[in-house]
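Here's a quick briefing on a two-ligand complex, with the contacts sorted by topic. Have the viewer open as you read.

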Amino acid sequence: MENIAKYILDSRKEDWRLELRKSMKAKERTSLEREAMPAQDPHVRNKNSEEVNLGFTEEMAIVEAHRCLDCPEPTCTIGCPVGINIPTFIKKIESKDFLGAAATIKETNALPAVCGRVCPQEKQCELSCFYTQKLHKTPIAIGHLERFAADYERNSGKMSIPKIAKSNGLKVAVVGSGPSGLAAAGDLAKLGYDVTVFEALHEIGGVLKYGIPEFRLPNDIVDVEIDNMRKMGVKFRTDFIVGKTASFEDLSAEGYQAFFVGSGAGLPRFMNIPGENYNGIFSSNEYLTRVNLMKASSDEYDTPVLYGKNVAVIGGGNTAMDSVRTAKRLGAERAMIIYRRSLEEMPARIEEVHHAQEEEVEFMNLHSPVEYFADENGRVNKMRLQKMELGEPDASGRRRPIPIEGSEFDIDVDMVVVAVGVSPNPIVPHSLKHLKMTDWGTIVVNKETMQSSIPNIFAGGDIVRGGATVILAMGDGRKAAVGIHNYIQEKVKAG
Amino acid sequence: MNKIVEKEFFSENVAKIVLEAPEIAHSRKAGHFVIIRIDEKGERIPLTIADGDPEKGTITLVVQQVGVTSAKLLAMNEGDEILDVVGPLGHPTHIENFGTVLCAGGGVGVAPMMPIVKALKAAGNKVYTVLAGRTKELIILEDEMKQHSDELVVMTDDGSYGKKGLVTAGMEEIIQREKVDKAFVIGPAIMMKFGSLTTKKYNIPTDVSLNTIMVDGTGMCGACRVSIGGKTKFVCVDGPEFDAFEVNWDEMMMRMGAYKTQEHAAYEKYLQTVEKGE
Ligand SMILES: Cc1cc2nc3c(=O)[nH]c(=O)nc-3n(C[C@H](O)[C@H](O)[C@H](O)COP(=O)(O)OP(=O)(O)OC[C@H]3O[C@@H](n4cnc5c(N)ncnc54)[C@H](O)[C@@H]3O)c2cc1C
Ligand SMILES: Cc1cc2nc3c(=O)[nH]c(=O)nc-3n(C[C@H](O)[C@H](O)[C@H](O)COP(=O)(O)OP(=O)(O)OC[C@H]3O[C@@H](n4cnc5c(N)ncnc54)[C@H](O)[C@@H]3O)c2cc1C
Ligand code: SF4
Ligand code: SF4
Ligand code: FES
């Protein structure tokens, strides 16, 4: 971390930066208003699957970049889990060196087009920006600028492919192709390893593909990154479940020296309340997978999905927002969020909550379902809700929801999506008897090296954290790549 | 891509398909299944691995045409390729020497029963097998089953072959003359429900293999959930085999009908386009 801080400060001393800083007074910079992200009209977009945000134009990006003060102590970088050199990339945008800005971001973040779109910036980089902390003004739109630089690079057709060390012929397996696996694979390829990514599903990308909808993260964007990795020599095997299709032992026997496990938290939780198995009640994973991965809402595709007029989505996270907005797009008249705390405690990205509100999603906060009812065919037709109030803060620091006795009432619903969280995917732990696990089913690792209790197995992302964010998963993958490199080098040295 | 190396019709609507899938052929055990997707626009559907040959690197599926995907699959030929095949999924069947075992297979449930009968026999059990179907044409894999069973009884609803009667009649007949220690019942949900009611009468521990709707097959979606002993379980990762007496059959059958209207409409449309194409 110290090295990063020094590097970030050193880059600030370069001549072009000094000049740029002098070209405009700080007062003038802070008097500029934050550029608003252009977006599709809410009443149009809630009927299509196109991306909601349209992206900054070059002019907007340059204006926004002018706001950044190029602080002597750029606190923003501390808020970014992968330590992106934020002031440098923003100043490159200000000086119209858009490709340079993208290159700066890519020094530490392999998927900037993704993170620019899905990071919870308001809790990370933008939260610790000088504007938020000291000026109490809206922060620099770091996420939007990151997205701009990444999109500019992609559209320019001049995507840079990172330098790859000479092949060392050593094989490493990556289990799971979500952000943690992709990040680990990319860095290992750069170090010269022969990397194969094994993915259980038929598509590469993990949650980026099957979970997060097109209107928030178009698949093309993920695919371009994956193509880039192919060019870097990373191999991909879809329809391959490590621990089932072949065991870790089988793969070790084929010469894989080490494994990175990024198998995610793909086990949906239900609430175990009466009637939860009626038809028309989905986990968010099932609903989003049918629509995103299987394209069930297109006539040309064979997979079916149900359509609801009155759709209730249980939960207040990103998954709940994605589900409710998908239901709205698929024709729901009422698309409701049922959340047991209040708007303030919602874990979803703030932008998604705003977008959902604009798209006429109804928010029933401080409510929780207690029972479901169905028609004679077993299709859900009613749910019983109980009102909640907030008590003292709990272990998570959020105020605990307390049911209000006798406050139950029924509403009509014909579809329900349960988005109350996920648990770690148990396939890998089940196939490795001696792997040390926590009581919550996550893999225990050394936080610096990401090494598990089995020396040649490293892990990161949601299987270690139990449901976190894209950028944290990627950070883990990168750390693990270093851990794996050191582990293998030592093994090679020892002969 | 997985190439079809052999295809053989057992009846108008049921065919055996042998596929190239070397890793799965190597790892599979009795009771495992795969999920396949025929092409880019296809649905993911689960199918039991009826047999496998690790040397040749092939697995055998037995498929009954019930809707669009199974129809498309049966319309494919030797040499054609299936886009996605993933597995082996689920827990393998728990095989041991139980003593005397009764295996009752109905309809296409005979296919998943095949590897189980084979493994039970190899483990030293005395195996009684009942094959049942509506009519003669629907009785499949009779010779293969006979080869691994001590005795084989065939039942048809209409009496066109074997004995006339439901699967349960064939089961009772054996239970009444032999001391049966364990039963396996696999077939359509309704047949498993009544088959296990029969064995319950005689207190014979019984396993069934559930064929719920699935999407991923890895525990990720919960589409396959059923109530087992009052608890929600995922068939793809907790099963597919369960203690028959614990299954909430009515809920399971209800859940299998979740997409009935859409499936029927899609199938009608498919059959029409096929007719037009000819
Ligand atoms: C709907 C939804 C919306 C979200 N929105 C946001 C957001 O806006 N911002 C944000 O930062 N985070 C968001 N998240 C969380 C974020 O997506 C995850 O934290 C992140 O994807 C975790 O990455 P991962 O690499 O650990 O695993 P995943 O992305 O879960 O990928 C794991 C992959 O491993 C595969 N796999 C599992 N087991 C095996 C095996 N044995 N062999 C082979 N492959 C295997 C799985 O099929 C899967 O593809 C969202 C999550 C969801 C579900
Ligand atoms: C673990 C497991 C193993 C299976 N093994 C086999 C096998 O070896 N051979 C085989 O032919 N089938 C097997 N099945 C069933 C098979 O997956 C379904 O028949 C298939 O998904 C139907 O797809 P479809 O598009 O052709 O028909 P759909 O359009 O999906 O269904 C058409 C109609 O068929 C009926 N149907 C739907 N799903 C099922 C089902 N799961 N079982 C019975 N009837 C159904 C319904 O009435 C439905 O309306 C298995 C299922 C599971 C879960
Ligand atoms: S990666 Fe995320 S946290 Fe880091 S700068 Fe980009 S948007 Fe902010
Ligand atoms: S803290 Fe804010 S204003 Fe300062 S350098 Fe970072 S982004 Fe720019
Ligand atoms: S099929 Fe998705 S969890 Fe079983």
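Which side chain has an N or O atom 2.8 Å from an oxygen atom of ligand 1? That would be A:Arg216. Before going on, note that this is a predicted model, where local features need pLDDT of at least 70, side-chain atom pairs count only at pLDDT 80 or more, and totals for chains, interfaces and linings use all residues. Residues are numbered from 1 along each chain as its sequence is written, chains are lettered from A and ligands numbered from 1 in the order in which they are written, and side-chain values use heavy atoms, with hydrogens and water left out.

**Ligand 1 in chain A**

- Ligand 1 is surrounded by 36 residues, where a residue is near a molecule if one of its heavy atoms lies within 4 Å of it.
- The closest of them are A:Val118, A:Ser180, A:Glu199, A:Arg216 and A:Asp462.
- Besides the A:Arg216 pair, there are polar contacts (pairs of N or O atoms within 3.5 Å) to the backbone: a nitrogen atom of ligand 1 sits 3.0 Å from a polar backbone atom of A:Val242, and an oxygen atom of ligand 1 is 3.5 Å from one of A:Thr469.
- On its own, ligand 1 exposes 1,000 Å², and the protein buries 95% of that; accessible areas here come from the Shrake-Rupley method with a 1.4 Å probe.
- Two or more shell residues come from each of helix H12 (179-190), helix H17 (318-329), helix H19 (427-431) and helix H21 (470-494) of chain A, with helices being DSSP runs of H or I of at least four residues and strands being E runs of at least two, numbered from the N terminus.
- H17(A) gives the largest share, three residues.
- Sorted by class, the shell around ligand 1 has 17 nonpolar, 14 polar and five charged residues; Ala, Val, Leu, Ile, Met, Phe, Trp, Tyr, Cys and Pro count as nonpolar, Asp, Glu, Lys and Arg as charged, and the others, Gly among them, as polar.
- Domain 2 (171-266 + 424-494) and domain 3 (269-422) of chain A each put at least three residues into this shell, with bounds from an automatic or database domain assignment.

**Ligand 2 in chain B**

- Around ligand 2 there are 23 residues, and the closest are B:Pro46, B:Val62, B:Ser70, B:Asn211 and B:Glu263.
- What pairs up with it?
- Strand S4 (45-48), strand S6 (58-64), helix H2 (68-74) and helix H9 (260-277) of chain B each supply at least two shell residues, and S4(B) gives the most, with four.
- Domain 1 (2-89) and domain 3 (210-259) of chain B each contribute at least three residues to the shell.

**Where the chains meet**

- 41 residues of chain B touch 40 residues of chain A, contact meaning heavy atoms within 4.5 Å.
- The two chains bury about 3,500 Å² between them, 51% of it on carbon and sulfur atoms; buried area is the accessible area (1.4 Å probe) that two parts lose on being put together, summed over both.
- B:Lys41, B:Met220 and B:Tyr259 supply 20% of the area that chain B buries against chain A, more than any other three residues.

**Domains of chain B**

- Chain B splits into domain 1 (2-89), domain 2 (92-208) and domain 3 (210-259).
- The centres of domain 1 and domain 3 of chain B, taken over C-alpha atoms, are 22 Å apart, and their contact takes six residues from domain 1 and eight residues from domain 3.
- These two domains of chain B bury about 580 Å² between them, 62% of it on carbon and sulfur atoms.
- B:Phe33, B:Arg44 and B:Leu89 supply 60% of what domain 1 of chain B buries against domain 3 of chain B, more than any other three residues.

- Most residues other than glycine have a negative phi, and most peptide bonds are trans.
- A cis peptide bond joins B:Gly87 and B:Pro88, with omega about -5°, and B:Pro88 belongs to strand S8 (residues 84-89) of chain B.
- Another cis bond links B:Gly239 and B:Pro240, with omega about 10°; B:Pro240 is in the loop between helix H7 (235-238) and strand S17 (241-243) of chain B.
- A:Glu360 has a positive phi, near 70°, and lies in the loop between helix H18 (350-358) and strand S9 (362-365) of chain A.

Methods:
A polar contact is a pair of N or O atoms within 3.5 Å; within protein, one must be able to donate a hydrogen and the other to accept it, and residues adjacent in sequence count only if both atoms are side-chain atoms.
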